[in-house]
Amino acid sequence: MIMLGFIVNPMAGNGKGNDIWRIIERSLRGSGAVYQMRKTSGMGEAQKLAVELIQKEGVTKIIAVGGDGTVHEVLNGVQQSGRACLFGVIPAGSGNDYAKGHGIAVEPVMALEQILREEKKKIIDLLRINGRVAVNVVGAGFDAQVAKTTNEASYKGWLNKGGLGKVAYILSVLRVICSFQPTDVTLVVDGQKYRLQKVWLIAIANIPNFGGGMLICPGAVPNDGVAEICVVSNVNRWQLLRAFPLIFTGSHVKHPGVRFFRGQHIQLDSQTPLFVQADGEVIAHTPFTVEMVPGCQTVCG
């Protein structure tokens, strides 16, 4: 018997998570589905709740109701549990990059139906870093600093409330671009060493988009066993600001300051320590190592 487990972040999207759960709950009652639900009350709790639902309640299909931070935590819980469990998402955050990258419906009941019918069921890869996994992107440098600034910003909440989560990210970009100092880095991809100068950011991607839909790595595929790596370097602040809009369409791939690599084992060190983000959450600083873990999670929706 399939037991559904829901982990709801009520504060996702500045309270949108709670509203979406009410819609989902009505639909579940009408369908007669058997399910367990847990709500998070703070950062890091979703991972613990996922382990509890799988190991103690016997949940075999777990669904995150929230944004990319909730997705990140729940998937880490699924992996930590050591048991096979199908994963789905009902998007309720400000960016929802996972949902965009996997073609998940924005409308909650439609997203639920996709999961229940196991539409688009597939096995995907994950990125392992510092004992954790990331499902979207691991980034170092400018983007990690922007993620940190956005998560701490007072304007994030009221912009999310108005459905303007992407604007919060853009405001943070404008703030960080004035102070961020690019640095020299050593990048090792599958044993091949590259010395790169004046690096702004390095994104190691499992899906094309981050930051609420920006197509940082247009060629990234979540189930091909390889990460796509985007490096932005050797540009000044004005050049970076002018090129920034190109990332929304993926046309930055032609810019002379952008290089791409592909690999399964990625090591990064930098002359000056850089913040590192995983799925939009700052988790470390350089140096670090990322390992692609092929075909380790079944997802649907």
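The paragraphs below go through the cavity, a pocket, the aromatic rings, the cysteines and some backbone features of this predicted model.

Because the model is predicted, local features need pLDDT of at least 70 and side-chain atom pairs count only at pLDDT 80 or more, whereas totals for chains, interfaces and linings use all residues. Residues are numbered from 1 along each chain as its sequence is written, and side-chain values use heavy atoms, with hydrogens and water left out.

The count comes to one cavity of 30 Å³ or more, where a cavity is a set of points, on a 1 Å grid over the protein atoms alone, at which a 1.4 Å probe fits but cannot get out. The largest cavity has a volume of about 230 Å³, volume being the space filled by probe spheres set on the points, which are joined across faces, edges and corners. Its lining, meaning residues with an atom within 4 Å of a point, comprises 18 residues, of which Leu201, Val232, Leu240, Phe244 and Ile247 are the closest to the centre. The elements that give two or more residues to this lining are α6 (142-152) and α9 (237-243); helices are DSSP runs of H or I with at least four residues, strands are runs of E with at least two, and both are numbered from the N terminus. By class, the lining of the largest cavity divides into 14 nonpolar, three polar and one charged, with Ala, Val, Leu, Ile, Met, Phe, Trp, Tyr, Cys and Pro counted as nonpolar, Asp, Glu, Lys and Arg as charged, and the others, Gly among them, as polar.

The second largest pocket has a volume of about 150 Å³, a pocket being an open set with protein on both sides within 12 Å along at least five of seven lines. Both α1 (16-31) and α4 (97-101) supply at least two residues of its lining, which has five nonpolar, three polar and two charged residues. Asn96 is one of the residues lining this pocket, and lies in the loop between β4 (86-91) and α4. Its phi is near 55°, a positive value in a residue other than glycine, and at 14% relative accessibility Asn96 counts as buried (under 20%, with exposed over 50% and partly exposed in between, for a 1.4 Å probe and protein chains only).

Phe244 and Phe248 pair edge-to-face, at 5.6 Å centre to centre and 80° between the planes; Phe244 is buried at 18%, whereas Phe248 is partly exposed at 27%.

The structure holds zero disulfides, a disulfide being a pair of cysteine sulfur atoms within 2.5 Å. The sulfur of Cys230, a residue buried at 0%, is 5.1 Å from its closest cysteine sulfur, in Cys217, and therefore too far for a bond.

Most residues other than glycine have a negative phi, and most peptide bonds are trans. Asp190, in the loop between β8 (183-189) and β9 (192-205), has a positive phi of about 50°, and a cis peptide bond with omega of about 5° joins Thr286 and Pro287.

Note on methods:
Phe/Tyr/Trp six-rings, centres within 6.5 Å; stacked < 30°, edge-to-face > 60°.
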